[in-house]
Amino acid sequence: MVDFWFCHRSLIDSVVVVLLFNLFLSFPFTCLAIRSFPTNGEIISDDLYGYMEAPEYRNGEDCRPYTIHVAMTLDSEYLRGSVAAVHSVLRHASCPENVFFHFIAAEFDPASPRVLTRLVRNTFPSLNFKVYIFREDSVINLISSSIRVALENPLNYARNYLGDILDPNVNRIIYLDTDVVLVDDIQKLWNITLRSNRVIGAPEYCHANFTNYFTDNFWSDPVLSRTFGLKKPCYFNTGVMVMDMRKWRKGNYRRKIENWMEIQRKRRIYELGSLPPFLLVFAGNIEPIDHRWNQHGLGGDNVKGSCRSLHSGPVSLLHWSGKGKPWVRHDEKRPCPLDHLWKPYDLYKHNDEHHQSQSLDFSISSSFLGYSNYLI
């Protein structure tokens with residue numbers, strides 16, 4: 001577990017130098033078989049060849065036979081983030097062989113699902129995974145314009161359809177965005193209990209101004225404004241969720257989300273892509289998870305993508321939601337201080353800094369943890 005704290009942005013700049021000499025621990029492990037598409041005769045671009053093979057990660061002696069299901073999207077634009085996220089999950093998992101990845105790939109991505117499957121296999125030779133094809137035409141006519149063009153990508157809405165896409169025997173899933181890295185054991189997140197009738201669990205942020213996520217058209221309508229009834233809705237970020245797929249399918253939540261998307265097309269009740277429909281359906285009735293599992297907003301806002309600091313408190317997952325992505329800022333030689341925490345998981349080798357950064361093997365859970373505790 002990585003248990004470090006940040007209280008002030010000024011402190012972040014002062015510890016970046018320390019961070020550059022302490023990469024996360026890497027343990028020699030090995031995993032299970034692969035389920036994927038055949039790739040005979042497929043052409044792969046130079047960019048897709050640019051990933052080095054990850055170390056093999058093996059279970060410890062105390063691991064029992066169970067499976068942790070993780071769902072993520074997989075596409076050419078955010079591929080580098082996806083690879084880093086997978087690497088971070090395996091690197092910090094106490095039982096990495098027990099993790100099974102369900103990748104959702106767009107049908108018409110420039111890199112076909114076959115190509116992406118081959119890349120994952122080459123990068124993680126022993127990874128347990130399956131690639132599913134997401135038919136973009138199932139949602140394209142429901143998507144309205146957003147505050148940022150990237151938020152209109154149909155693949156952003158794939159999480160709405162997990163109940164239909166995933167194998168029916170998958171009854172529980174952890175959904176992760178592609179711009180995250182874990183610095184803690186994913187088994188802890190998997191073990192969270194969804195109580196009573198709750199379908200999803202996620203960190204809630206009740207200090208955020210919830211009214212800002214919807215337009216005046218929504219709040220001025222006497223019917224729509226009563227959507228939340230007596231509930232106390234809070235903002236939550238959909239980039240990290242624990243989901244009960246039995247309850248999801250039984251409650252037909254995909255259709256409930258689509259209903260709000262249809263209203264949005266007619267009434268313009270929100271501006272922010274795929275998030276508001278989730279809030280309309282679930283806000284006020286989710287299992288609250290500790291904030292350490294989604295230190296989000298590290299990509300800045302949706303316009304400038306400026307540097308941001310961590311929220312105060314312990315950290316188990318870092319999330320570069322917002323416009324700025326750490327791999328882009330690194331390539332442009334303008335990384336934010338916290339982007340250096342992402343770099344140890346980057347397996348893309350077509351850059352000058354990669355081999356140098358990979359050779360600095362250290363652990364935040366030891367030296368940096370001690371330093372950060374001193375700071376507070």
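**View 1. Strand 9 is covered on both faces.** On one side of strand 9 lie Val 240, Val 242 and Asp 244, on the other Met 241 and Met 243, and all of these are buried (under 20% relative accessible area, with exposed meaning over 50% and partly exposed in between, for a 1.4 Å probe and protein chains only). Because five of the five residues of strand 9 are buried, this strand is largely enclosed by the rest of the structure. Strands (E, at least two residues) and helices (H or I, at least four residues) are DSSP runs numbered from the N terminus. The model is predicted, so that local features need pLDDT of at least 70 and side-chain atom pairs count only at pLDDT 80 or more, while totals for chains, interfaces and linings use all residues. Residues are numbered from 1 along each chain as its sequence is written, and side-chain values use heavy atoms, with hydrogens and water left out.

View 2. Two strands pair if DSSP finds at least two bridges between them. Strand 4 and strand 9 run antiparallel and are joined by five bridges; here Tyr 175 stands opposite Met 241. Strand 6 is also antiparallel to strand 9, with two bridges between them, and Gly 201 stands opposite Val 242.

View 3. Contact means heavy atoms within 4.5 Å; axes are lines fitted to C-alpha atoms, for helices over the stretch in contact, and angles run from 0 to 180 degrees between N-to-C directions.

View 4. Seven of the seven residues of strand 1 are buried. Ile 68, Val 70, Met 72 and Leu 74 lie on one side, and His 69, Ala 71 and Thr 73 on the other. Seven bridges join strand 1 to the parallel strand 2, where Val 99 stands opposite Ile 68. Strand 1 (residues 68–74) also runs parallel to strand 4 (residues 172–176), with two bridges between them; the bridge partner of Ala 71 in strand 4 is Tyr 175.

**View 5. Phe 236 and Phe 282 touch the most other members of the largest nonpolar core.** This core has 48 residues; a nonpolar core is a set of buried Ala, Val, Leu, Ile, Met, Phe, Trp, Tyr and Cys residues joined through side-chain atoms within 4.5 Å. Helix 9 (residues 275–282) supplies the largest share of the core, six residues. Another core, of 42 residues, lies apart from it and includes Leu 176, Ile 186, Val 240 and Trp 293. Leaving aside residues up to four places away in sequence, Phe 236 touches several residues, among them Ile 200, Met 241, Leu 275, Phe 278 and Phe 282.

**View 6. Helix 9 is mostly covered.** Eight of the eight residues of helix 9 are buried, including Leu 275, Pro 276, Pro 277 and Phe 278. The elements covering these buried residues include strand 6 (200–202), helix 6 (216–219), strand 8 (235–236), strand 9 (240–244), helix 7 and helix 8 (253–267). Just after helix 9, Gly 284 takes a positive phi of about 90°.

**View 7. Trp 248 pairs with two aromatic rings, Tyr 253 and Phe 282.** Rings of Phe, Tyr and Trp (its six-membered ring) pair if their centres lie within 6.5 Å; planes under 30 degrees apart count as stacked, over 60 as edge-to-face and the rest as tilted. The structure holds 22 such pairs. The Trp 248 and Tyr 253 pair is tilted, because the ring centres are 5.9 Å apart and the planes stand at 40°. Trp 248 and Phe 282 are stacked, at 5.8 Å centre to centre and 20° between the planes. Since Trp 248 lies in helix 7 (residues 245–250) and Phe 282 in helix 9, this pair ties together parts that are 34 residues apart in sequence. Trp 248 is buried, with a relative accessible area of 2%, and Tyr 253 is buried at 16%.

**View 8. Charged side chains sit over Tyr 253 and Trp 190.** A charge sits over a ring if NZ of Lys or CZ of Arg is within 6 Å of the ring centre and within 35 degrees of the ring normal. The charged end of Lys 256 is 4.3 Å from the ring centre of Tyr 253. Arg 172 lies over the face of Trp 190, 5.3 Å from the ring centre.
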